[in-house]
Amino acid sequence: MYHRRRTGRAGRRLLLQKKGYHDYTVLEANDRVGGKTYSPKLRGKSIEMGAIMGVPNYDTVKELGAAAGVPEGGPESLAHTDFRRPDGKLYRPFTGLNLWKGARLMYQLNKLDRILKSRYPGYDANGHYGTFYPDLALPLSKFFEKNGVAALTDLYAQPFTSFGYGYFEVVPAAYVLKYLDIPTAKAFVTNDLWTWEDGTQSIFEGLNKVLEHPAVLNSPVTAVVRDQDGVHVTTPAGTQTYDQLIVTTPLEQFAALADADQDERTEFAKILHNDYVTHAIMVRNLPKQSSFIPDNMTGDRLGHPMVFYVRYMGEPDQPIVTYALRNYPGKPPLSVEETRETVLADLKSWGLWVEEVLDEQSWYYFPHVSSEDYAAGWYAKVEGMQGRRRTYYAGEVMSFGDMDETTNYSRGIVDRFFG
Ligand SMILES: Cc1cc2nc3c(=O)[nH]c(=O)nc-3n(C[C@H](O)[C@H](O)[C@H](O)COP(=O)(O)OP(=O)(O)OC[C@H]3O[C@@H](n4cnc5c(N)ncnc54)[C@H](O)[C@@H]3O)c2cc1C
């Protein structure tokens, strides 16, 4: 996160190194690199507890993977996904009598493509600087209604809501459409999806190995003071002084531990996030393949699994990984324990007898701002603060919470400010 001349996750550091910066330090609180790319070995297999997949337009991740010697190309099970009702019964949403629904979705997707290209050019650019369209501050469901493509919410919910990014009645369209730009949305329709043999974490572990200065692990930053002499950063190992700082951790958490000024306190207090929970669970009657549960992708079904992932299709002796949200704006969040109980009860009711929970993660997920704050110019304000007091802001909230948007935004920070 922090650095002597500069700092960031492995990708960001590699980009700085390529620009000729050799004096940097990366401070990582955890005992491993990767953050939300977390691929532990469970029952001898790499299992994704965090990020899973990419699509063919993940250009920055592809470049970083090549530099790390970790190309895409892992299990192809994502191309085979079932759909289930909340009671676990399998169904087919787009075949037989429902065939017309698939045709309507493709028609509306092409219509949306035309609308975005003609009325909102640049909507898919990385980060939220450069172009600003007030319409894109609307919650996605309102934006889709306004443009006559409301049926698409069903299609977008699978790679959005079930992937932990929240609910279309509250999330500004700008975020959804930067992530699910038309090529990405089509890649999900055609299942043109990437995985990595040893998991997404292996990309960032590989990158860390090719850096001149690998991340200093077990180094949580506990205080930051900025003055005319530099940036003084405190970890359990002591205080070091640096020239500049790139913050890649949640900005509201940074404001709480740093000598934040009024602008930082005010703006970063507006950041919202989701609480997203993953469980790796050994079950009897292991399903052959993954499954979406679309009816669970609503705010009144908090805690219920929205999707489960069977990474090695048809293979025995592996956990399924379940994905559930535990918060919704204006509602008291479920606890991690309540969420676990809900997930386990659902699996049991589906006849998937739970043998053991191998891993549980509750993630700080998808930092973003509300439609109101987006419309009021949060990004213009915060982008205008870049570089003040020797500090640059990167990480998920500045673009979108996926691997490619965050690494691509970091490239932008390096290109814009570290020439
Ligand atoms: C369950 C799940 C599924 C996902 N699926 C996908 C997917 O399929 N495809 C995709 O592209 N993306 C996916 N993502 C999102 C993706 O993993 C993240 O958007 C991306 O990894 C964000 O990278 P980041 O470096 O900005 O933040 P993070 O990965 O959150 O890293 C932040 C780092 O900062 C460290 N840190 C925090 N505080 C401090 C401190 N005080 N001092 C020092 N270090 C600190 C943390 O330990 C962490 O390592 C998924 C995420 C999860 C959780």
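Trainee: By class, how many nonpolar, polar and charged residues does the shell around the ligand have?

Mentor: Keep in mind that this is a predicted model. The shell has 13 nonpolar, 12 polar and 6 charged residues.

Trainee: Which residues come nearest to the ligand?

Mentor: Of the 31 residues around the ligand, the nearest are G35, K36, A51, D402 and M403.

Trainee: Which helices and strands each supply at least two residues of that shell?

Mentor: Look at two helices, α5 (152–165) and α14 (403–417). Then look at two strands, β9 (272–283) and β13 (354–368). Helix α14 gives the largest share, 3 residues.

Trainee: Now helices. What describes two packed helices?

Mentor: Two things: the angle between their axes and the distance between those axes. Take α2 (residues 59–68) and α8 (residues 201–210) here. They pack at an angle of about 55°, and their axes are 8 Å apart.

Trainee: What do we call that arrangement of α2 and α8?

Mentor: An angle between 35 and 65 degrees counts as oblique. The two helices, α2 and α8, are therefore oblique to each other. Their crossing is left-handed.

Trainee: Which residues of α2 and α8 meet?

Mentor: From α2, find V61, L64, G65, A67 and A68. They meet I203, G206, L207 and V210 of α8. By class, this contact has 7 nonpolar, 2 polar and no charged residues.

How values were computed
Residues are numbered from 1 along each chain as its sequence is written. This is a predicted model: local features need pLDDT of at least 70, side-chain atom pairs count only at pLDDT 80 or more; totals for chains, interfaces and linings use all residues. A residue is near a molecule or strand if its C-beta atom, placed from the backbone, lies within 6 Å of it. Helices (H or I, at least four residues) and strands (E, at least two) are DSSP runs, numbered from the N terminus. Ala, Val, Leu, Ile, Met, Phe, Trp, Tyr, Cys and Pro count as nonpolar, Asp, Glu, Lys and Arg as charged, and the others, Gly among them, as polar. Axes are lines fitted to C-alpha atoms, for helices over the stretch in contact, and angles run from 0 to 180 degrees between N-to-C directions. Angles under 35 degrees count as roughly parallel, over 145 as roughly antiparallel, 65 to 115 as roughly perpendicular and the rest as oblique. A crossing is left-handed if the near helix is turned anticlockwise from the far one by less than a right angle, and right-handed if clockwise. Two residues are in contact if their C-beta atoms, placed from the backbone, lie within 7 Å.
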